[in-house]
Amino acid sequence: MTENQLEQQVERAVLVGLSCPGFTAAQGADERTMDELRALAETAGAQAVAMTLQRRPAPDARTFIGEGKAEEVKALAEANDATLILFDNELSPSQMRSLEEMTGRTVLDRSALILDIFAQRARTGEGKLQVELAQYQYILPRLSGMWTHLVRQTAGGGKSPIGTRGPGETQLETDRRHIRRRIDKLKSDLEQVRQVRAVQRRQRKKTELPMVAIVGYTNAGKSTLLNTLTGANIEANDRLFDTLDPTTRKKRISDTQEILLSDTVGFIRKLPHHLVSA
Ligand SMILES: Nc1nc2c(ncn2[C@@H]2O[C@H](COP(=O)(O)OP(=O)(O)OP(=O)(O)O)[C@@H](O)[C@H]2O)c(=O)[nH]1
Ligand SMILES: [Mg+2]
């Protein structure tokens, strides 16, 4: 593959954030969360080509950032050849739709982006079930219109454009009831997985080994630490949410004492609440 072809595969994105005096930390955007959004975009396979942080007294009901700013974002996208506009804040379904109509570009918010990364990364059965559940829960209230123009492929697909790795198109646009049924099914499947896990946990408790978890911000070096301490062969990479399916290893810490050491999924600011259990 030539370099030119490679370049074409990377989606170019304009990053947008809005700061308002009345916003909570979870609602707002600032330089720090915008930096994080850039890292999230790169992890998802997009290149941030422009960035703008808007301040206004309150969000605009229709366009969120205000009509004038939306025009500016459109011009930025045109000037930079961007196909994608990524918001650091959560948008309402109708705001997303208005912005897509105004800019002629795919508009995604932070939650959609994180969901997309999770869909790329989940490896185990349980991880995949949880991501699919979170995707459906995110999509359900947004069904009317917004996703319909996106060409959706199968969940977890590798090649589809960012924001389109999700459940298939036909179900989404037409059948809310189908999605609700699917959500129920996923929940009951997960419940079964949980019961199996509970049994495993009880067995582990019977062995009476103390459990230690390595926790911290995503990309902090948790998996690397577990690898170093136990010789486990977990992937450790310089990208966000590399580990979604945590590993546990036994570790001898003295002549008489062994412990169980677990890797965990990293923290990030403003994680969409549907994804917390995942
Ligand atoms: N300079 C430096 N880099 C480190 C250190 N520990 C890990 N890294 C690097 O930091 C990056 C992230 O490490 P990981 O172990 O994958 O981080 P993590 O906390 O498991 O990240 P997630 O699974 O994404 O939450 C990798 O590129 C590591 O090589 C360290 O002590 N010093
Ligand atoms: Mg890790």
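This is a predicted model: local features need pLDDT of at least 70, side-chain atom pairs count only at pLDDT 80 or more; totals for chains, interfaces and linings use all residues.
Residues are numbered from 1 along each chain as its sequence is written, and chains are lettered from A and ligands numbered from 1 in the order in which they are written. Local features need pLDDT of at least 70 and side-chain atom pairs pLDDT 80 or more, whereas totals for chains, interfaces and linings use all residues; side-chain values use heavy atoms, without hydrogens and water.

Ligand 1 is surrounded by 16 residues (a heavy atom within 4 Å), and the closest are Lys222, Ser223, Thr224, Asp242 and Thr243. This shell comprises four nonpolar, eight polar and four charged residues (Ala, Val, Leu, Ile, Met, Phe, Trp, Tyr, Cys and Pro count as nonpolar, Asp, Glu, Lys and Arg as charged, and the others, Gly among them, as polar). For a side-chain N or O atom of Lys222, the distance to a ligand 1 oxygen is 2.7 Å. Of the 660 Å² that ligand 1 exposes when taken alone, the protein buries 63% (Shrake-Rupley method, 1.4 Å probe).

Helix α2 (a DSSP run of H or I, at least four residues) covers residues 31-44. Its 14 residues reach 20 Å from first to last C-alpha, close to the 20 Å expected (1.5 Å times one less than the number of residues). Asp30 caps its N-terminal end, with a side-chain oxygen 2.9 Å from the backbone nitrogen of Arg32. Just after α2, Gly45 adopts a positive phi of about 100 degrees.

Methods: A polar contact is a pair of N or O atoms within 3.5 Å; within protein, one must be able to donate a hydrogen and the other to accept it, and residues adjacent in sequence count only if both atoms are side-chain atoms. Helices (H or I, at least four residues) and strands (E, at least two) are DSSP runs, numbered from the N terminus.
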